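Please read them with the structure open.

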Amino acid sequence: MAMEQVVELGHLLVFGFLFSFAAYMVAPAMTDVTMEALCPGRDECSLAIYLTGLQQAITGLGALVATPIVGSLSDRYGRKALLLLPATASILPLVILACNRTKVFFYAYYITRMLTAMVAESSMLCLSLAYVADKVPQSRRAAAFGVFSGVCLAGFVAGTVAARFLTVPCTFQVAAVAALAAAVYVRAFVQETDGGASLLHAGDEENSSRPLCLPSCSSSSEDVAPPALPPLRKALSLSDMAALLTTSSTFSRAALVTFFYSLGETGLQTSLLYFLKAQFHYTKNQYANLLLVIGITGSLSQLVMMPILAPKLGEQKLLIIALLGSCMHGFLYSIAWSPWVPYLVASLVIISILVNPCIRSIVSKRAGPSEQGMVQGCLTGISSTANVISPIVFSPLTAWFLSETAPFNFRGFSLACAAFAMLIALTLSINMRPAELQPDSK
């Protein structure tokens, strides 16, 4: 990625850093806060696992509907205007736990967080990637997505380090201030894009991708090239998403890979910390150390490896390698036999973290300039579908195998099942034909 493009996107990168710093800073403390509020003095708590899974499921269901709408609206009203929505929505839940962490305040946080996360986390990602796509030509887009994700991971690392040295009350107070700063920054400094018009005016043929065509704009003759999407008159509907899946083989295959990868990845996140708490009695500081290893290796991978490997290997080969690393990641967690093993396994994130930028880049290259928000929102909505299903499957499975009534002694069974879901995604990516990475023939 050229230095001038990094400078041009600098304000978005600062916003991504602050947003991630605030969001992930509280992650190491949340397991202990949840357990203390719901099951004081215990290392195992089925209620905490079920409530966490329920929150993820409802949040994912809301994001399934909200994110594609927000993404398509950004194609019409601009990226910056819609970025303010997730930036401001993320503040209130942090303020609640910054005040107190008793059972009443926890449930207030739980409900507020469940509602605001529907439009906060997923929308922030899809809008930011659409912003990057508006600014960066296709040949450098995969690397640019990697740089943005790497900066967000750097915020994750900084937040995790800060949480390691702060008390729990101070952690939530600092996170709330950082979230407020992110909202103010995006309002004051992030500039609106031109919807990719500058890329087209530059005369670069690689950026003249033919738009994805929904049935409402398709021609009755197969020999006529599909016209560009007309200006949006209404928000994107679920039927539009379904039509998009059926009219583009690239998008439909990427959607399947995204679904099964997100299913496994969310299952891993749902189960891992409770598994480590029950198996090795991990504390807040040990969680922070583990997340720190993940954040540092992931950030280095996104910022250094992605810009080097993406042009040489191509997104498809890099996607296969990353999915293979994800499978190994999950399976090795499931058989961890000592407290130090999860730290070693976490280093595999240097490979697995590249999955999302590769898929996003493949889809972005297939979409037209006026459709970046729509397709990124749809892909995020599909990921949210998996986020709905995953906790329903993995939360009871985790609680069952961590309890005394487990059918057999394999506490990491739910983690192995999550790895199997990612193995399905790997199989689908291997079977993806090279032609599917090119614009669909009509």
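The points below cover the basis of the model, its salt bridges, its core, one serine and the cysteines.

1. Basis. This is a predicted model, in which local features need pLDDT of at least 70 and side-chain atom pairs count only at pLDDT 80 or more, while totals for chains, interfaces and linings use all residues. Residues are numbered from 1 along each chain as its sequence is written, and side-chain values use heavy atoms, with hydrogens and water left out.

2. Salt bridges around R79. The structure holds three salt bridges (a side-chain nitrogen of Lys or Arg within 4 Å of a carboxyl oxygen of Asp or Glu). R79 pairs with D75, with the closest N and O atoms 2.7 Å apart. R79 also pairs with D134, again at 2.7 Å, N to O. R79 lies in helix α5 (residues 79-89) and D134 in helix α8 (residues 121-135), so this pair ties together parts that are 55 residues apart in sequence. Helices here are DSSP runs of H or I with at least four residues, numbered from the N terminus. R79 is buried at 2% relative accessibility and D134 is buried at 1%, whereas D75 is partly exposed at 22%. Buried means under 20% relative accessible area, exposed over 50%, and partly exposed in between (1.4 Å probe, protein chains only).

3. The E315 bridge. E315 and K365 meet through their side chains at 2.7 Å, N to O. The pair links helix α15 (residues 315-334) to helix α18 (residues 355-366), 50 residues apart. E315 is buried at 12%; K365 is partly exposed at 25%.

4. Core. The largest nonpolar core has 122 residues, and F15, F172, L276, L323 and Y333 have the most contacts inside it. Such a core is a set of buried Ala, Val, Leu, Ile, Met, Phe, Trp, Tyr and Cys residues joined through side-chain atoms within 4.5 Å. Domain 1 (1-193) and domain 2 (239-434) both give residues to this core, so it lies between them; the domain bounds come from an automatic or database assignment.

5. S301. This residue lies in helix α14 (residues 284-313) and is buried, with a relative accessible area of 0%. A polar atom of the S301 side chain lies 2.5 Å from the backbone oxygen of I350. Not counting residues up to four places away in sequence, S301 touches M306, I350, I353 and L354 (contact means heavy atoms within 4.5 Å).

6. Cysteines. The disulfide count is zero, taking a disulfide as a pair of cysteine sulfur atoms within 2.5 Å. C152 is buried at 12% and C358 is buried at 0%.

Conventions
Helices (H or I, at least four residues) and strands (E, at least two) are DSSP runs, numbered from the N terminus. A polar contact is a pair of N or O atoms within 3.5 Å; within protein, one must be able to donate a hydrogen and the other to accept it, and residues adjacent in sequence count only if both atoms are side-chain atoms.
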